[in-house]
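Thanks for coming. Please have the sequence and the structure open, and we will go through a few places in turn.

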Amino acid sequence: MKRKQIMVLLLATFIAAQAAGCGGTDQDRANQDNRFVQGNSQGNEIADVENAAQGNTETDETDQGNVSQEKKETIDSETSQESADESSKNSMAEIVGTYEAEEAQLKGNVKVSENAGVGYVSGFEKDDDSCSFAVDVDADGFYDFNFVSASEGGYKENYVSVDGDSLGTVSVENAEFTDSVVSRVYLTQGTHEVAVSKYWGWIKLDKLIVQTSEPIDEKIYQVSAELVNPNATDEAKRLMSYLADTYGKNVLSGQYCDQGQFGKEMAVINKATGKYPAILGLDFIEYSPSRAANGSTSNATDLAVKYWENGGIVTFCWHWNVPEKYLKDIWWKGFNTESVSIDLAKIMNGEDEEGYDLLLEDIDAIAQQLLILQDAKVPVLWRPLHEASGGWFWWGASGPEAYQQLYRLLYDKLTNEYGLNNLIWLWNGQDREWYPGDEYVDIIGEDIYPGERVYGSQVNKYLEAVNYTPNTKMTVLSENGCVPDPELLERDGAMWGFFCTWGGEFVAKDTSIFALSEQYTEEAMLKKAYDSELIITLDELPDLKSYPIR
């Protein structure tokens, strides 16, 4: 029954009750291997919406006669409660199938094993090794896949696909059998092949449990525009206000390009689509003192100023090259864990005092560039110490505690010592245990490299990131290999605040002639995204210099 009909019925009841003298009552990366940058050129980094069940939103078009405002509020409350009860009833997940791995189709080295009477499959060792389930569903809709599995040695990720289309990865770390869930997979009625195949490999797979997905609570799209820095500049406030106003309605486009608006990646996108992305991604890597000491130079700061002046938005990451003392043999790999001798835990606990001072000097160097941007009134989506939980960067190699201490130190030094109030802090640690606290984070980012020509919404990772904190934060696709299909973003409810495709072969061929690379995103999908009403491009941005502050 629609709300308006309920209101009329309740009104009639109320009038009858009044005549009888009765009163009224009141009443929720793939791990990207060894990314590197050499010299001055950055390397190529390798990692229908089902609305939340809710009451009908129709509002009364006419006055309700003699009903008092107090009574009207009571009726509204009762109607809302009825709708909420119906929503709760409809949102209960239901198991639709349990599929044992031993009965699935096994390929390559994957074989049936048994331990203490428990059957499972193992042998995910080579690229062709897989386990495929024939999954039947009776209706079109969203389903959760729970792969009950165990690791054969630490954290492991492996590919998941449906009917040959990649969904990304599923992960497990526990040596005991545990739940590993991929959420909100859209399936049509009928039989589907759901496969787990080797990426990192080395898991034991017990079974697949398929259940209906719970609806997304649309409150996750309602984010505050208030920044964690109470002294934020008006420029930063205006940008965050726009991002918050847009979140859940549109997705901003972004592209990393170390040569700015007219660099290779931007040129091929513009040639293919006739447009530029709303966001330009840049890196402070070459400003790291140990790289500058080896001859590196950069004009990234100037490029950021120009893009802002041309109406765009800028985001910066920092592949922090360690101080020279900690470099091994290859100086330009100085941010990769395997290429350095730094121990962040010892630095942060006071054992390596010299190392602490050297890190502060590096921060000073980057602060000078950020001050230039602040003086130019450029707000920055600032994404330092990214992908920490993967461990492949030195700032994540000593575990979450040391990382969090460094993150907070960086925030304190840049904010309170340097007075850098133009920064919107985009945290990108990729794991709940690494989260530094709401008071240090404006936006949460995820970096996802699902493979080649994989255009899924990555809704599973989106919802995981949304839930890193119980307080609602905007969540963005801070790096991506493939441009996501806007239809799937909208259908799945994966309303990332923006995406920002990494540079190099992810969009442009490695040739002297500027040419589009279709290795990761085909031209047709690139055009589909940039032409979509869902996706915001540079020409569609408002004047952010005068955008109203919330």
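In helix α6, the buried residues are A300, T301, L303, A304, V305, Y307 and W308. Keep in mind that this is a predicted model. The helix runs over residues 300–309, and seven of its 10 residues are buried, so the rest of the structure largely encloses α6.

T475 sits in β19, which covers residues 474–480. Is T475 buried or exposed? Its relative accessibility is 0%, so T475 counts as buried, the cut-off being under 20%. If we leave aside the neighbours within four places in sequence, T475 is in contact with Y247, I444, Y462, A465, V466, M495, W496 and G497.

Now the charged side chains. Side chains of opposite charge can pair when their charged atoms come close. In this model the count is 14 salt bridges.

The side chains of D245 and R550 form a salt bridge, at 2.8 Å from N to O. D245 belongs to helix α3 (residues 234–246) and R550 to the segment after β21 (535–536), so this pair ties together parts that are 305 residues apart in sequence. D245 is partly exposed, at 27% relative accessible area, whereas R550 is exposed, at 53%.

E354 and K325 are another pair, and their side chains meet at 2.7 Å, N to O. E354 is partly exposed at 46% relative accessibility, and K325 is partly exposed at 45%.

The last pair is K413 and E417, with a salt bridge of 2.9 Å, N to O. How far apart are K413 and E417 in helix α9? They are four residues apart in that helix (residues 400–417), which means a separation of about one helical turn. K413 is buried, at 8% relative accessibility, while E417 is exposed, with a relative accessible area of 52%. Salt bridges with shared partners join D364, K413 and E417 into one network.

That is the end of my part.

How values were computed
Residues are numbered from 1 along each chain as its sequence is written. This is a predicted model: local features need pLDDT of at least 70, side-chain atom pairs count only at pLDDT 80 or more; totals for chains, interfaces and linings use all residues. Side-chain values use heavy atoms; hydrogens and water are left out. Buried means under 20% relative accessible area, exposed over 50%, partly exposed in between (1.4 Å probe, protein chains only). Helices (H or I, at least four residues) and strands (E, at least two) are DSSP runs, numbered from the N terminus. Contact means heavy atoms within 4.5 Å. A salt bridge is a side-chain nitrogen of Lys or Arg within 4 Å of a carboxyl oxygen of Asp or Glu.
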